[in-house]
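Dear colleague,

I am handing over the structure below for your records. The notes that follow it set out what was found, topic by topic.

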Amino acid sequence: MSSGNRIDNLLPLESFALTAVPASTHNVVWSPDAELAVGCDDCVYVFVPDFTIPKFPDDRDPSVVRQYNDVALRFPTVEHRSPQLNRPLFDYVAQEFPDFEFIPGGGGSGPITSQGSSMNHLISLEWSPCGLGRMNRSVLAVLTAAGTITVYCEGASDKKNAFKPRGRSARTLLPWVAAWGVGAGLLLPTTEGHQVGYFKEHVTSFAWAKDTDGHGALLAYANDDDDIVIVSVQAKHDPDASPGDCGQWRVEEVMRFTGLGPHPKVNQNDPDSLPSGSSFSLSWGPWLKRGTSKSCMVSYITRGYVGFRQVTIDASQKKMETTKVKVDKVDTDGVCLYLAPNAFVVWEDLIWTIGQLKVCRGIIATPFVAKAFQVSFEDSQSEKIARHTPYECGSTYPDLEVDASTHNPITGLVIHPPSLSQTTTTPSYSLVRLSATHENDAWYQTNLPLPPNPEDGYIGPRWAAEINQIIEHQLPRAMAYRAAMDGGSVGSDDNSDEDEEIDPESFDGSDYDPDEDLAGIDTEDQVHINRSRIWGMAASPGGGVTAVFVSHHNAVSYGRDTFAGIKCRVLFGRYDSSSEKNEEALTALAIKKLSTEADVWEWMYGRGPPVPGVGTPTTLSSEHGNALKDHFEMVVRQQLCSFCKSPLRSEGKLCRCGKGHPFVTCATTGLAILAPGLSRTCNVCGSKCLSRENLVRMAPQLREIIMDEISDELCGNCGGKFVN
């Protein structure tokens with residue numbers, strides 16, 4: 001399919017509104033399967049993508065085609081979890097569960113946090129790689145103010161909770177359960193030879209490692225004692241588990257090191273002591289394969305320093321066995337610079353070969369300034385990282401020679417898929433800053449090249465144009481402040497009737513004069529009436545679409561945020577570029593290993609290539625699929641109609657008997673599905689596949705082939721995940 005056809009086949013991206021109270025930045029995240037999670041003060045919203053393809057692509061109605069299902073999950077996150085939540089983790093590895101008196105709230109060494117906690121509002125959230133959740137999906141980890149990470153996953157279904165929007169089965173979002181947690185009294189087992197004292201630590205930051213293409217995943221978290229802990233996480237799920245079951249988990253602390261950096265601690269009474277620390281201080285780079293092992297850089301942020309520590313794992317481990325992890329004793333490299341609170345690091349998802357060295361790159365957000373860096377796996381700079389004071393390296397104070405935009409913190413930064421045809425000194429990135437007003441033009445910045453015809457419209461994604469239109473809206477000063485004096489809110493969304501546009505034709509034949517309200521008003525004296533806050537930005541798994549979480553506020557009167565929430569919106573957009581850049585992005589996308597759900601999302605909304613088995617006649621692997629169906633050919637011939645016992649004949653996706661009774665065929669084997677409850681439905685293409693246990697019952701002579709070559713979690717037509 002040509003690039004032009006791909007652009008023509010793009011579906012519209014629809015924004016949606018939320019009534020919420022944002023309590024932190026970086027609160028919108030995308031899962032590897034294109035699920036979107038938005039964090040608020042006391043809860044999380046989860047939106048599941050809708051992969052329904054319109055039957056008439058040339059006559060689309062944006063009100064009908066939405067990228068997310070109408071039903072969203074909202075679950076609270078403020079509950080203080082009991083240590084008993086982690087008892088199954090100790091039982092699985094046959095370790096004794098620690099017995100201690102648990103008092104909810106409080107942990108760590110801080111003078112306040114060790115005694116109690118706040119209202120436990122949400123701090124940060126992040127999706128894991130695929131494979132930990134039910135049906136091979138991701139799980140969601142949430143950090144709250146009590147210093148606790150809680151991992152939420154999809155519980156076992158009662159097999160009755162699928163709903164059918166527009167006539168096809170789709171996922172519901174119930175039940176979601178808390179599987180396990182860590183911090184503030186939630187303790188984890190440790191691996192053999194790695195013993196630590198049990199205590200109530202206060203977790204300040206965490207990050208999931210990128211997919212290792214193996215079993216399980218790694219989670220890193222930092223506490224307020226400057227310890228950085230690496231946790232091995234694995235899970236397995238029983239398809240016949242009771243409703244709400246979270247599965248069996250093997251979660252172990254495998255390594256712990258201190259991330260102090262080269263600077264000595266400063267007493268809080270020191271005149272040069274400035275606020276520091278970040279809730280987003282940890283980040284993992286891409287994995288480098290070396291024989292039977294894999295290596296990765298994990299970055300950590302401490303006062304005036306970003307350290308890069310190399311982590312190596314054994315890639316040959318078996319499922320549900322202890323992960324062998326090795327962490328270097330010293331940092332491979334590090335950067336000294338001024339870092340304000342909530343600084344963070346973003347890695348480019350690619351490893352470059354420069355000469356004989358393997359190098360990975362990224363961006364450090366201070367968070368006022370974006371600074372590029374690169375780290376080599378082989379060329380260690382550890383001998384240069386000697387103990388010194390911040391005065392020696394100049395990281396005590398920020399650079400005074402900066403523009404006004406640096407007083408506006410960066411709240412979201414995405415690195416775009418790189419161009420493989422040429423190497424640039426800095427990764428291609430886009431960023432947003434917290435405050436967007438008419439006086440602040442730098443709230444959105446990017447170093448992407450300009451489109452071929454920049455004069456044709458606004459440069460940037462659609463959400464940037466929408467925000468710019470909102471903050472540039474003006475009214476005559478008298479009208480703007482009249483509403484404020486009367487207790488109204490100009491430009492507010494509090495009253496839905498105010499958002500409706502007035503149709504001038506509706507006043508035809510009446511005595512209403514639209515210009516009457518402007519009589520005696522100086523219309524040349526205009527004021528801007530709106531401002532926006534951008535709380536976070538995230539890129540889709542393939543990088544073709546970006547989403548931002550924004551809230552709109554009145555610029556002419558004081559606002560008031562209450563627990564009832566404020567009007568927020570999640571906006572989406574794509575980046576316009578030339579056909580040459582599109583082809584380069586497609587090449588980078590082909591190299592990146594994505595799930596079927598992510599591939600379909602990029603095809604539908606992000607200029608990605610077509611996906612076999614979804615909207616095309618070809619399947620995931622036609623040769624393999626045909627060979628697999630050949631094994632079941634004799635079984636297919638022996639099948640009889642459930643109603644009249646007459647032979648069946650295949651008609652593609654259906655089988656019919658001589659009397660016309662239709663049966664859906666299994667997309668994996670070609671067998672007719674003769675009764676309800678024997679199959680599972682793909683959440684992407686809608687195909688039905690017989691479960692492995694039923695296949696073994698129908699063809700016991702093929703048991704070895706069924707167990708080795710047929711997945712109980714992935715569709716045989718497109719590779720998508722089944723509805724739970």
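The mean pLDDT of the chain in this predicted model is 82, and 82% of the residues reach 70 or more. Among the elements of the chain, the lowest mean pLDDT, 40, belongs to helix H1 (residues 3-8), while S14 has the highest, 97. Residues 1-8 have a pLDDT that stays under 50, and the model gives them 14 contacts beyond four places in sequence. The pLDDT is also below 50 over residues 489-512, a stretch with 20 contacts beyond near neighbours in sequence. Where pLDDT is low, the predicted coordinates should not be read in detail.

Strand S16 (residues 293-302) is mostly covered, with nine of its ten residues buried. Several strands pair with S16. Strand S14 (residues 282-284) runs antiparallel to S16 and is joined to it by three bridges; here serine 283 stands opposite serine 299. Strand S15 (residues 288-290) likewise pairs with S16 in the antiparallel sense, over three bridges, and arginine 290 has serine 293 of S16 as its bridge partner. Two residues lie between S15 and S16, which form a hairpin, and glycine 291 in the turn has a positive phi of about 65°.

On the other end of S16 comes the pairing with strand S17 (residues 305-314), which is antiparallel and counts ten bridges. Within this pairing, serine 295 stands opposite threonine 312 of S17. S16 and S17 also form a hairpin with two residues between the strands, in which glycine 304 takes a positive phi near 65°.

The sheet S10-S11-S12-S13

Four strands form an open, antiparallel sheet in the order S10-S11-S12-S13. Strand S10 (203-208) and strand S13 (248-258) each have a single partner strand, so one side of each is left without a neighbour in the sheet. On average, and with direction ignored, neighbouring strands of this sheet are turned by 25° against each other. Ten bridges connect strand S12 (residues 227-236) with S13 in the antiparallel sense, and valine 233 has valine 251 in S13 as its bridge partner.

Nonpolar cores

The largest nonpolar core has 55 residues, of which Trp30, Leu36, Val570, Phe572, Trp601 and Phe632 touch the most other members. Helix H7 (residues 596-605) supplies the largest share of this core, five residues. A second, separate core has 27 residues, including Leu89, Leu143, Ala179 and Ala217. Tryptophan 601, leaving aside neighbours within four places in sequence, is in contact with residues from several parts of the numbering, among them Leu13, Trp30, Phe51, Tyr68, Ser540 and Val545.

Aromatic pairs

The structure holds 24 aromatic pairs. One of them, formed by tryptophan 30 and phenylalanine 572, is tilted, at 6.1 Å centre to centre and 55° between the planes. This pair links distant parts of the chain, as tryptophan 30 in strand S2 (residues 28-30) and phenylalanine 572 in strand S31 (residues 566-573) are 542 residues apart. Tryptophan 30 has a relative accessible area of 10% and is therefore buried; phenylalanine 572, at 0% relative accessibility, counts as buried too.

Another pair joins tyrosine 444 and tryptophan 463: the ring centres are 5.4 Å apart and the planes stand at 80°, so the pair is edge-to-face. Tyrosine 444 lies in strand S26 (residues 444-446) and tryptophan 463 in helix H4, 19 residues apart. Both tyrosine 444 and tryptophan 463 are buried. Ring pairs also link a cluster made up of Phe16, Trp30, Tyr45, Phe47, Tyr68, Phe572, Trp601 and Tyr605.

Glutamate 472

Where is glutamate 472 placed? Glutamate 472 is found in the loop between helix H4 (462-471) and strand S27 (474-476). Is glutamate 472 buried, partly exposed or exposed? With a relative accessible area of 33%, glutamate 472 is partly exposed. Not counting residues up to four places away in sequence, glutamate 472 touches His438 and His528. The C-alpha atom of glutamate 472 is separated by 8.2 Å from that of isoleucine 529, which is 57 residues away along the chain.

With kind regards

Terms used: Residues are numbered from 1 along each chain as its sequence is written. This is a predicted model: local features need pLDDT of at least 70, side-chain atom pairs count only at pLDDT 80 or more; totals for chains, interfaces and linings use all residues. Side-chain values use heavy atoms; hydrogens and water are left out. Buried means under 20% relative accessible area, exposed over 50%, partly exposed in between (1.4 Å probe, protein chains only). Contact means heavy atoms within 4.5 Å. Two strands pair if DSSP finds at least two bridges between them. A nonpolar core is a set of buried Ala, Val, Leu, Ile, Met, Phe, Trp, Tyr and Cys residues joined through side-chain atoms within 4.5 Å. pLDDT is the predictor's confidence in each residue, from 0 to 100. Rings of Phe, Tyr and Trp (its six-membered ring) pair if their centres lie within 6.5 Å; planes under 30 degrees apart count as stacked, over 60 as edge-to-face and the rest as tilted. Axes are lines fitted to C-alpha atoms, for helices over the stretch in contact, and angles run from 0 to 180 degrees between N-to-C directions.
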